[in-house]
Amino acid sequence: MWVSERERRKAAIKKEVEELKREIDLSQIEPFFKRLNINYRKGEEQILEIPFIGDLIILRIPSFTFKKVGGASLDTPLKAIILRYLKNLPEVAEGKEEDYRNLEELGVSLSKALKPLKRAFSYDQSFFFKCGTSLGGVRLKERDSPVLFSLLPGIESLFFFKEGEEEKGPELSIYFQKKATNIFSSSELLYMTKVLVRKILKEAKKAFSEYSF
């Protein structure tokens, strides 16, 4: 029976999610919840509240049921990201402030994912800063003024944006912490980048609508 590449990938991620569930050891990760400001409650199940790029994900263990506050369900790739994050929580919590790595230099292809963002903010860097900070990003007072985003507690990303000029298009570079690139696969880093890009564009659309009226 022929199976498409997409179906094979979906099956592989689903299998990975099941493996990650078996590898989660609450006794090993629970001591790090408070350090990372992850709210949790104990009862028949451990209930975790995990912020993810503006959403709040509720995870029950050991049943491993997921949902977003508001009732939305999670797709399988995001479940894998959350579980991998929890499995590596000691490394996340203990990781020191360190160098950030450029995703494209690590071989992550971003051109397609970043194209809508470049188009939306091509000649308006200040509007990019406005939308990024409205989403919870922090504009750092450093060279090139990157915007720092928290993706998960202890996992951050830097967006360097430079608006276009007459003969040169806009430039956008994405950086993740070294520990994040050690924990997550390239496809998972790309997934998180795409989610953040969509949310920034949503902020832009909202701001533009408010300005228009």
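Glutamate 91 is partly exposed, because its relative accessible area is 34%, and partly exposed here means between buried (under 20%) and exposed (over 50%), using a 1.4 Å probe and protein chains only. The residue sits in helix α4 (residues 89-94). Helices (H or I, at least four residues) and strands (E, at least two) are DSSP runs numbered from the N terminus. Not counting residues up to four places away in sequence, glutamate 91 touches Lys179, Asn182 and Ile183, where contact means heavy atoms within 4.5 Å. Threonine 76 is 15 residues from glutamate 91 along the chain, and their C-alpha atoms are separated by 23 Å.

A word on the model itself: it is predicted, so local features need pLDDT of at least 70 and side-chain atom pairs count only at pLDDT 80 or more, while totals for chains, interfaces and linings use all residues. Residues are numbered from 1 along each chain as its sequence is written, and side-chain values use heavy atoms, with hydrogens and water left out.

## Two helices side by side

Threonine 76 also brings us to a helix pair. Two packed helices are described by the angle between their axes and the distance between the axes. Here the axes of α1 (residues 5-23) and α3 (residues 76-87) come within 9 Å and cross at roughly 25°. That makes α1 roughly parallel to α3; angles under 35 degrees count as roughly parallel, over 145 as roughly antiparallel, 65 to 115 as roughly perpendicular and the rest as oblique. The axes are lines fitted to C-alpha atoms, for helices over the stretch in contact, and angles run from 0 to 180 degrees between N-to-C directions.

The crossing of α1 past α3 is left-handed, that is, the near helix is turned anticlockwise from the far one by less than a right angle (right-handed if clockwise). From α1, the residues Ile13, Lys14, Glu16, Val17, Leu20, Lys21 and Glu23 meet Thr76, Pro77, Lys79, Ala80, Leu83, Arg84 and Lys87 of α3. Sorted by class, this contact has six nonpolar, one polar and seven charged residues. In that count, Ala, Val, Leu, Ile, Met, Phe, Trp, Tyr, Cys and Pro are nonpolar, Asp, Glu, Lys and Arg are charged, and the others, Gly among them, are polar.

In soluble globular proteins, nonpolar side chains tend to be buried together. The largest nonpolar core in this model has 60 residues, and those with the most contacts inside it are Tyr85, Leu86, Leu152, Phe159 and Phe184. Helix α8 (residues 186-212) gives the most to this core, with nine residues. Such a core is a set of buried Ala, Val, Leu, Ile, Met, Phe, Trp, Tyr and Cys residues joined through side-chain atoms within 4.5 Å.

Leaving aside neighbours within four places in sequence, leucine 86 is in contact with Ile24, Ile29, Leu48, Ile50, Leu59 and Ile61. From isoleucine 61, the chain goes on to proline 62 through a cis peptide bond, with omega near 20°. Proline 62 lies in the loop between β3 (55-61) and β4 (65-68).

## Loops with positive phi

Asparagine 37 has a positive phi, near 60°, and lies in the loop between α2 (26-29) and β1 (39-41). Asparagine 37 counts as exposed, because its relative accessibility is 63%. Isoleucine 53 also has a positive phi, near 45°, and its place is in the loop between β2 (46-52) and β3. At 5% relative accessibility, isoleucine 53 counts as buried.

## Partly exposed strand residues

| Residue | Strand | Relative accessibility |
|---|---|---|
| Proline 51 | β2 | 33% |
| Tyrosine 40 | β1 | 25% |
| Tyrosine 175 | β9 | 23% |

Leaving aside neighbours within four places in sequence, proline 51 is in contact with Leu56, Leu151, Leu152 and Pro153. Proline 51 and asparagine 37 are 14 residues apart in sequence and 9.6 Å apart in space, C-alpha to C-alpha.

For tyrosine 175, the contacts beyond four places in sequence include Tyr100, Arg101, Asn102 and Phe160. Tyrosine 175 and phenylalanine 160 are 15 residues apart along the chain, with C-alpha atoms separated by 8.2 Å.
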